[in-house]
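Student: Could you walk me through this structure? I'd like to take it one piece at a time.

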Amino acid sequence: MVLLFYWVVKQAFQGKFSPGSVLLLVQSLTYFQQNLAAFVGNGLELWENVLYMQQFFNFLDSASSMLLTVPGEKTPSPILTGITFENVYFRYPDAQAWAVKNISFTLHPGETVAIVGENGAGKTTIIKLLTRLYDPTQGRILVDGVDLKHLNLQEWRQQIAGVFQDFGRYALTLGENIALSNLQALENRDLLRFAIERADIIQLVTQFPTGEDTPLGKQFSGTELSGGQWQKLALARAFVRQQAQILLLDEPTAALDPRSEYELYQRFVELAQGKTTILITHRLASVRMAQRILVLKAGQLIEDGTHQELLSHGGEYTTLWNMQIRQYGEYFKIQN
Ligand SMILES: Nc1ncnc2c1ncn2[C@@H]1O[C@H](COP(=O)(O)OP(=O)(O)OP(=O)(O)O)[C@@H](O)[C@H]1O
Ligand SMILES: [Mg+2]
């Protein structure tokens, strides 16, 4: 640009260009420069989009790793002997390490089992295997003796209600957010109210002039809820799914204040009535609602028993328990 400008000015001084031509040339050069920059910019943007589209098409082309048995066997209702993990190993696609290794245990019908363990121990992975978001790499999961892979997937999932660690927050109305797990609740307002009341959000709902029909989420300028309020909504989603035989609670109160947590645990006991329940939590005090506790460490099941059994055994659970007790103990010491 500098050289071109220099050349134009030089020509003008030599009398070869009229002032009008100089103006025209300088303007043309500026336009040329701007358009060239825009061209390069657009080219780069196009390149980025192509990269994204490549991933998108790869995703569309990717084959399902799930074995879909259609129509598949009927899910036993009720489940009579239980759900059994039989030497289950699982590695996430593209991962090197096992997420869970050689896991074997049985969930008896109607039983509440707690799973505890450090971050990354493999607790959520067990939930993902049970909901058949993934199939075990090795080993089997049996439902009344039938391999989970052979059950009709849709029917199996209808038997499951849950509050998951990464629950969804949907830009829909409050009522729709709950009814997602049982569409009958869209018409059945009594059922919706029942769930709202059980999940302890009745005060929240009545404070909105449009009640259950209040749009939520910022995307479409709805009302934004707090983390804990969203979590209670996810919980209401579990309450509205009454027909499910299996209840999965993966840190269902992580975002709740102590009072809400305490009150909701009373409700969980009620929600878990007659259902086979897995409760995952880091707060060992709440593990007491479980009849049995499984302790996972680095993907392996290292302990299995009641609270008392595990404490007398003096293993990992005892260590975790004493750590939490000590933490509160020290707090009270400071208070006094
Ligand atoms: N989608 C994934 N892809 C690859 N590896 C994963 C994936 N999800 C989890 N993992 C790995 O699997 C292991 C078990 O993870 P998991 O989510 O089951 O742990 P967790 O016990 O639920 O932990 P937390 O208490 O933090 O919820 C971890 O080492 C983690 O790195
Ligand atoms: Mg987890």
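Student: Which residues of α10 are buried?

Tutor: In this predicted model, the buried residues of α10 are L264, F268 and L271, where buried means that 20 or more other C-beta atoms lie within 10 Å of a residue's own, exposed means 12 or fewer, partly exposed is in between, and the C-beta atoms are placed from the backbone. Helices (H or I, at least four residues) and strands (E, at least two) are DSSP runs, numbered from the N terminus.

Student: And what do the buried residues of α10 pack against?

Tutor: They pack against α9 and β7 (246-250); contact here means that the C-beta atoms of two residues, placed from the backbone, lie within 7 Å.

Student: Before we go on, how are the residues numbered and the chains lettered?

Tutor: Residues are numbered from 1 along each chain as its sequence is written, while chains are lettered from A and ligands numbered from 1 in the order in which they are written. Since the model is predicted, local features need pLDDT of at least 70 and side-chain atom pairs count only at pLDDT 80 or more, whereas totals for chains, interfaces and linings use all residues.

Student: Back to α10, what span should its 14 residues have?

Tutor: At 1.5 Å a residue, helix α10 (residues 258-271) should span 20 Å, and its end C-alpha atoms are 19 Å apart, which agrees. The expected span of a helix is 1.5 Å times one less than its number of residues.

Student: How far does α2 reach?

Tutor: Helix α2 (residues 19-61) has 43 residues and reaches 62 Å from its first C-alpha to its last, close to the expected 63 Å.

Student: New topic: is β3 enclosed or open?

Tutor: Six of the six residues of strand β3 (residues 112-117) are buried, so the strand is largely enclosed by the rest of the structure. T112, A114 and V116 are buried on one side, and V113, I115 and G117 are buried on the other, so both faces are covered. In a regular strand the side chains alternate between the two faces of the sheet.

Student: Which strands pair with β3?

Tutor: Two strands pair if DSSP finds at least two bridges between them. β3 pairs in the parallel sense with strand β8 (residues 276-280) over four bridges, and T277 in β8 is the bridge partner of T112. Five bridges join β3 to strand β9 (residues 292-297), also in parallel, and there L296 is the bridge partner of G117.

Student: Which residues touch the most other members of the largest nonpolar core?

Tutor: That core has 63 residues, of which I115, A195, A236 and I293 touch the most other members. A nonpolar core is a set of buried Ala, Val, Leu, Ile, Met, Phe, Trp, Tyr and Cys residues joined through C-beta atoms within 7 Å. Its largest share, six residues, comes from helix α9 (residues 227-239).

Student: What does I293 touch?

Tutor: Not counting residues up to four places away in sequence, I293 touches several residues, including A114, V116, V287 and Y317.

Student: And S226, buried or exposed?

Tutor: S226, in the loop between α8 (202-207) and α9, is exposed, with 11 other C-beta atoms within 10 Å. S221 is in the loop between α8 and α9 too, and counts as exposed with 9 C-beta neighbours inside 10 Å. The phi of S221 is near 45°, a positive value in a residue other than glycine.

Student: How about the chain as a whole, how spread out is it?

Tutor: The chain has 12 helices and 10 strands. Its radius of gyration is 30 Å, well over the 20 Å that the globule rule gives for 336 residues, so the chain is more spread out than a compact globule. That radius is taken over C-alpha atoms, and the globule rule is 2.2 Å times the number of residues to the power 0.38.

Student: How is the chain divided into domains?

Tutor: Domain 1 covers 2-61 and domain 2 covers 83-335, with bounds that come from an automatic or database domain assignment. Their C-alpha centres lie 58 Å apart.
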